[in-house]
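Have the sequence and the model open as you read.

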Amino acid sequence: MKTDTRSTSRLRHDPLVRGLGWASALLGVPQVVAPAGFARALGVGDAPRHRSATTAVGVRELAAATALLGRPRPAWLWGRVGGDLMDLTMLTRALKNHNGRGVGRTAAATAAVTALTATDVYAAVTRTRRSTPMELTAATTVSRSPDEVYALWKDLERLPDFMAHLDEVRVTGARTSHWRASAPFGKTVEWDAETTEDAPGRLIAWRSVDGADVDNSGEVRFVPAPGGRGTEIRVALRYDLPGGALGKAAARYFGEEPHQQLDDDLRRFKQIAETGEVVRSEGAPGGKRARGEFPQHPARPLTADELKEALA
């Protein structure tokens, strides 16, 4: 109960939550007081069924406003998301069956509700304390010796060179470091970590300490590849994804799929270890700008047809 009380107090003073509460109030009052006029303003007409639907939506908005401004909880934020989806469904149906009068206003209302939905999803995910344990594994082979690959990974402050979502790693002690990373929806998370195992040429393991924005741990093993072909790098990561299963789904929808991130990071590490830099085409700029684009693809020679076209 104490945890729930603290959560309610935190949300009650949250500017975004309060802003959404007032938005619900400002939308709900005219929908309940003058449903016909509100429906006409949206360009959907004032037929009895439109007035009834508008009134029902207004009542829902006022209920959400009362909850978010009084005793806000994450459940009410997710309730707003559900209501937004209902509103989008009705507006999309209205656009499909529109008689042409006021269609511009209906389209504008649909765009506004779409933007509001994105805001509500962001608020619900980032204000939900539940988390989902994630376990990720990936591997790649690098044509360098285990000692060389270990030395490169051991240089923690170089990790952001190939881990696109890492902004900074700062060594703070013999076995401690501070990490700052980009998270979904434009957020930044930070944590302090400690090295739990360090076997030169074979293994590096770490874990976050108390107070981390995201609890995490992991290990990297460096195993000689068969036939003397270099080193197999085997990575295992474990962390709690904020927002629970819904947060995981939302992160994937907005292009932040964790498994793909790890595969991309290992591919860039392989390029740095073997060539000294990340290989990019003209269409894939360097640095953190690459995050907002499609995942990079391994460099490959031109095919015979591509070479002929290039020479022409």
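Which helix is valine 59 found in? Valine 59 is found in helix 4, residues 48–70. My points follow.

1. **What you are looking at.** This is a predicted model, where local features need pLDDT of at least 70 and side-chain atom pairs count only at pLDDT 80 or more, while totals for chains, interfaces and linings use all residues. Residues are numbered from 1 along each chain as its sequence is written, and side-chain values use heavy atoms, with hydrogens and water left out.

2. **The overall count.** The protein chain has 10 helices and 7 strands; both are DSSP runs numbered from the N terminus, with helices being H or I of at least four residues and strands being E of at least two. Of its 312 residues, 40% count as buried. Buried here means under 20% relative accessible area, exposed means over 50%, and partly exposed is in between (1.4 Å probe, protein chains only). The chain exposes about 17,600 Å², and carbon and sulfur atoms supply 57% of that area. Accessible areas come from the Shrake-Rupley method with a 1.4 Å probe; for residues, only the protein chains shown count as cover. Take the contacts between residues at least 6 apart in sequence: 57% of them join residues at least 24 apart. A contact means heavy atoms within 4.5 Å.

3. **Helix 4.** (The expected span is 1.5 Å times one less than the number of residues.) Its buried residues include His50, Thr54, Val57, Gly58 and Glu61. The buried residues of helix 4 pack against helix 2, helix 3 (35–41) and helix 5 (74–96).

4. **A nonpolar patch.** Valine 59 itself is partly exposed, at 48% relative accessibility. Together with Val29, Val32 and Val33, Val59 forms a nonpolar patch on the surface with about 340 Å² of accessible area. Helix 2 (residues 15–33) gives the largest share of the patch, 3 residues. Patches are made of residues with over 30% relative accessible area and no salt bridge, joining like charges within 9 Å and nonpolar side chains (Val, Leu, Ile, Met, Phe, Trp, Tyr) within 5 Å.

5. **Strand 3 and its partners.** Is strand 3 (residues 176–182) largely enclosed or largely open? It is largely enclosed by the rest of the structure, because 5 of its 7 residues are buried. Strand 2 (residues 166–171) pairs with strand 3 in the antiparallel sense over 5 bridges, and the two form a hairpin with 4 residues between them. In that pairing, valine 171 stands opposite serine 177. Strand 4 (residues 188–199) also runs antiparallel to strand 3, joined to it by 7 bridges, with serine 182 opposite threonine 188. Two strands pair if DSSP finds at least two bridges between them.

6. **Salt bridges.** A search of the whole structure finds 15 of them, each being a side-chain nitrogen of Lys or Arg within 4 Å of a carboxyl oxygen of Asp or Glu. One joins glutamate 194 and arginine 207 at 2.7 Å, N to O. Glutamate 194 lies in strand 4 and arginine 207 in strand 5 (residues 203–208), so the pair ties together parts 13 residues apart in sequence. Glutamate 194 is partly exposed at 26%, and arginine 207 is partly exposed at 45%.

7. In helix 9 (residues 258–275), arginine 267 and aspartate 264 lie 3 residues apart, about one turn of the helix. Their side chains meet in a salt bridge at 3.1 Å, N to O. Arginine 267 counts as buried at 17% relative accessibility, and aspartate 264 is buried at 8%. Elsewhere, Arg60, Glu61, Arg80, Asp87 and Asp120 are linked in a network of salt bridges.

8. **A loop glycine.** Glycine 228 is found in the loop between strand 6 (216–224) and strand 7 (231–242). Glycine 228 is exposed, with a relative accessible area of 72%. The C-alpha atoms of glycine 228 and arginine 144 are separated by 9.5 Å, although the two residues are 84 residues apart along the chain.
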